[in-house]
Amino acid sequence: MICPLQRCFWLGCLSLCVGLRLCSDSMLISFEKEPDSRFLAWESPQPKQPRGLLVKAKNAKGGLVYRFEQDLSGQATAIPRLQVQIRNPGQARQILLQLFDRDQTRAVFSFRFPPESTGSSVRLIEQHHRRLGDPEAVDQAGGNARLDLKALTRIQIVGDWSPKDIEFLLESVELIPDSEASQTIRNEQRREADAKRKREAQQLREREQRKQATLEKGASHPADGARVAAFRMASPSLLHITLIEYDWIRGGQRAFQPGPDHQIQANGKMVLAREAAEVVEVPKNRRVSLQGQHIGVWLKEAGLLREVDQLRGSPLALELLEEPRAYRLQRGEAGKDFFFPKRVHRKSRPIGGPKQVEGKQIQHDLFLELPELLKPGERLRLHFWGINTRQAQAELHFHPEENLSESIQVSQVGYRPDDPYKVAMLSLWKGSGGAESFDDWVGKRFYLLDGQGTRHEAGTIQKRMSVSEGQQSFRSKRNHAGTHLYRLDFTSFSTPGRYRVLVEGMGVSQPFPIDRNVWRDAFRVSMKGFLHHRSGIALGPPLTPYRRPLGFHPSTGPVALQCDVTRIEGEIDVIHESMSRLHATAPQVKEAWGGYMDAGDWDRRAQHLSASFLHLELLELFPERLGGLALAVPEAERKNPLPDLLDEVLWNVECYQRLQTAEGGIRGGIESTEHPRSGECSWQESLVLGVFAPDPVSSYLFCSTALKCARVLKAYQPERAARLHAAGLAAWRWAEKQSLQGWTKKQKEEHRRERCLAAIQSYAITGERSYLEAYRESSHLLQGRKESLIEDQHALFVAATLPDRAESRELKAEARRELLALADRAILFQQGNAFDRATPVFGLPMMGYLGYFSVPEMITVMLPRAHAISGDPRYLRAAVGTCNFPNGANPNNMVYTTGVGQRFPRNPLHIDSRESGQEAPSGITVYGQSDAQARFAFNEWVHDWQLNDAYPPSRDWPTVEAYFDVFLWPAQSEYTVHQTMV
């Protein structure tokens, strides 16, 4: 199997500068100089070495890129040989050499590191003895199937994606002549490959024999077989069946102490944790087995066993799912003659993954093409003759007004009556059957069906995009739906009610409201997500059905210790290093509690203040509407005079106020020495907690948010507001005194950005010109770098809404013009794609970490701000439109926020709920899917290991459909409070 990191991570291909030379006829690379670029864990340059290039990193998840423009056509039969000095044995397993030609064909050559060779140079022949021109070396074909040795453009040295630290010295890659020994090895490999093909051919013949036998006598229908979850029409000619394979039983926690029959196995790296009131290095996890069977993970300190999840059921006979003769259909009453579908298409996806056991729950969507259209009022009986489902048959009485068609998609959040945008979508990708055309429906009327069954004319169906057309605003320019796309615009309809979109003769959409409070109701769910991520508070009924005992509070146990590293220097790795040195002497920081848990785990970081900053912006823009809005907050907060939204903000802001030092600096957060141990929930954390030392970036973040918060708070609690105001200014003064010596370019940019916002926010509130001058020093707007204004988007809006002062009047007007220009650019982006996605940033890589499909405007909030300062309805229409896809108007008919709508992610990467055996709490907006064809390195392992049950293969799924509801996929199913949730 090819290592996942053999597929190039996009960042590694961006900047290539200085070329390489061939040192001799046999030398491919001599590592005498720095590569043109580095990526991922290998990004940091190493000290220059006399004999080669040192690669030293925390793991093998990285690579090096060299420009290489040479004609090696005369070396087609040569074999690469690596000369390397391995300095820590047994860590890195192999190194990969990748050659690219001009049309992006990639050939991969691998070198295995012998574990016994350490300290001295070794020469390693490519492990498969592949020659430069061998077709077997091509891993990714570009315009040509073979590597063009005349037109090479770059060389990459890539790690093997192993997680352990590495250290080796690259000396050279030579080209050696082919030999009889190498030919013998290749011949043996080919014989093995031929034998494998013969075995597979025999297995195929045996499967075909089993198929024929099943079709003759019929399949069994075991009580634990796949269940029929849905049976409906996708269109009058297309029957849609959903099967769920396997039942998933969540494990939980129970009291446990190991007995003599239990086997305890240490698993994972060594971590710094508290056990028996001592700080010790212990294995991260302890697996428990009984009579050779894995039963769970031991939480030693808590005296608990986190039991393994269970996956039960008889597997489906997949080879018959697309066989038409496996399905027997009857029209009308029982006793009628059987008939078969013309064709059967399938798409299968994992929808849930138990912890600690093999296998996944799978959803199979089957599409049966009928030989004749099914008419409204007709009955259809389906016999699963050759399919070993739990049910032997299913029956459908086709009434379009009741038939939920997955082909019709609409926002499940709904619309206000006066919203200038109300649009549904019509589309279907049939998996192995490809695109479905609804061209015959173009120009026909569609309706809104209310709760009483009354039809309301709403508009006509219009084609938006053909399957062959590209999306011009997307980086890849592709049609990311893999099918034809149609729009159903009912913007002119404004009568309040609860509706379904009805396409006559086909079916209806999921229900949605038209109501003046739809956005308020969705906002409440979103804000409940912030309640669920509060740290240092107990949760449960009646406030929320999600239960979480009190944890991370001074009253519940060990408190965090002061570190000597800052948030700017790193995360878990630097906390672990600091605590390893200081845990015995580091002072406790008892005031380090509160704030928001970061995501699925429970780190608290100063970046979360940006979420509170935006919540405060809403309160300032809509004081009456949001000031009296009831949210889910604890009873004490519900009874106080503050707006509930302000209470929510203060929970986060005052955490960092407590983390302020006497000198004014803000500590950057609270972090554990490792990611959570398996089985542990947040209130059971045994890892050592560290508090970051103060840093100027966190201090500027606090300054801007604290001053904004104090201004809102002043109307309710002046003294509390005055303390917060003073704390914000103290943070500014401390930050201004700090040196940036030794900071990287990236760190300096983060410093500039947060100083820019803090300066303009301080000026907006105090009117002091010194802050205005600081803003002029830091702002991209005033430095003429308008192409980078996205980085300053929050500061830009503050500047555009400044009080009317003579010295800043021109600045305010310029900020307003640029903000509106960025919003216009977002509209231009929206016009270039069929899903009404909007952002002013063209060329963004289509990755989940950006919330490309799950967050309305991805990484910006230009459109609502533009509407706020201009009142122009164009911006409001665009803002509502870009909410459409994440709110349910997408091919999965799924809202990307838990607890909203009829269908939403069930397996977000939320560890507390997972380990405690609960459903994930509401209000979590996940990152969403990435473009699989972009081959992002951080996703490749998931396709290889977690999505190997997908059909068609997961990398071939259209991007907009490729949300796989699996837990352990950070780039898709995770989130953060300051990115996606806000």
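Asp824 and Arg874 pair up in a salt bridge, with their closest N and O atoms 3.0 Å apart. Asp824 sits in helix H13 (residues 809–831) and Arg874 in helix H15, so the bridge ties together parts that are 50 residues apart in sequence. Keep in mind that this is a predicted model.

**Salt bridges**

- Searching the whole structure turns up 75 salt bridges.
- Back to the opening pair: Asp824 is partly exposed, at 33% relative accessible area, and Arg874 is partly exposed too, at 41%.
- Some salt bridges share partners, and one network formed that way joins Glu571, Asp598, Asp603, Arg605 and Glu671.
- Glu275 and Arg677 also meet through their side chains, in a salt bridge of 3.4 Å from N to O.
- Glu275 belongs to strand S16 (residues 262–275), while Arg677 is in the loop between strand S36 (669–672) and strand S37 (689–693), so this pair links parts that lie 402 residues apart in sequence.
- Are these two partners buried or exposed? Glu275 is buried, with 7% relative accessibility, and Arg677 is buried as well, with a relative accessible area of 6%.
- Arg809 bridges to Asp804, and here the closest N and O atoms are 2.9 Å apart.
- In that pair, Arg809 is partly exposed at 46% relative accessible area, whereas Asp804 counts as exposed at 58%.

**Helices H14 and H15**

- Helix H15 (residues 873–884) turns up again here: its axis and that of helix H14 (residues 862–870) come within 8 Å and cross at roughly 155 degrees.
- With an angle over 145 degrees, H14 and H15 are therefore roughly antiparallel to each other.
- Their crossing is left-handed.
- On the H14 side, the contact involves Leu863, Pro864, Ala866, His867 and Ser870, which meet Pro873, Tyr875, Leu876, Ala878 and Ala879 of H15.
- Sorted by type, the residues of this contact are eight nonpolar, two polar and no charged.

**Helices H4 and H12**

- Helix H4 (residues 609–621) packs with helix H12 (residues 793–800) at an angle of about 20 degrees, and their axes are 12 Å apart.
- That angle makes H4 roughly parallel to H12.
- H4 passes H12 in a left-handed crossing.
- Which residues make the contact? H4 brings Phe613, Leu614, Glu617 and Leu621, and H12 brings His794, Phe797 and Val798.
- The residues in the contact of H4 with H12 come out as five nonpolar, one polar and one charged.

Technical notes: Residues numbered from 1 in each chain as written. Predicted model: local features only at pLDDT ≥ 70, side-chain atom pairs only at ≥ 80, totals over all residues. Heavy atoms only, no water. Axes fitted to C-alpha atoms, helices over the stretch in contact; angles between N-to-C directions. Helix = DSSP H or I, 4+ residues; strand = E, 2+ residues; numbered from the N terminus. Parallel < 35°, antiparallel > 145°, perpendicular 65-115°, else oblique. Left-handed = near helix turned anticlockwise from the far one by under 90°. Contact = heavy atoms within 4.5 Å. Nonpolar A, V, L, I, M, F, W, Y, C, P; charged D, E, K, R; others polar. Salt bridge = Lys/Arg side-chain N within 4 Å of Asp/Glu carboxyl O. Buried < 20%, exposed > 50% of the residue type's maximum accessible area, 1.4 Å probe, protein only.
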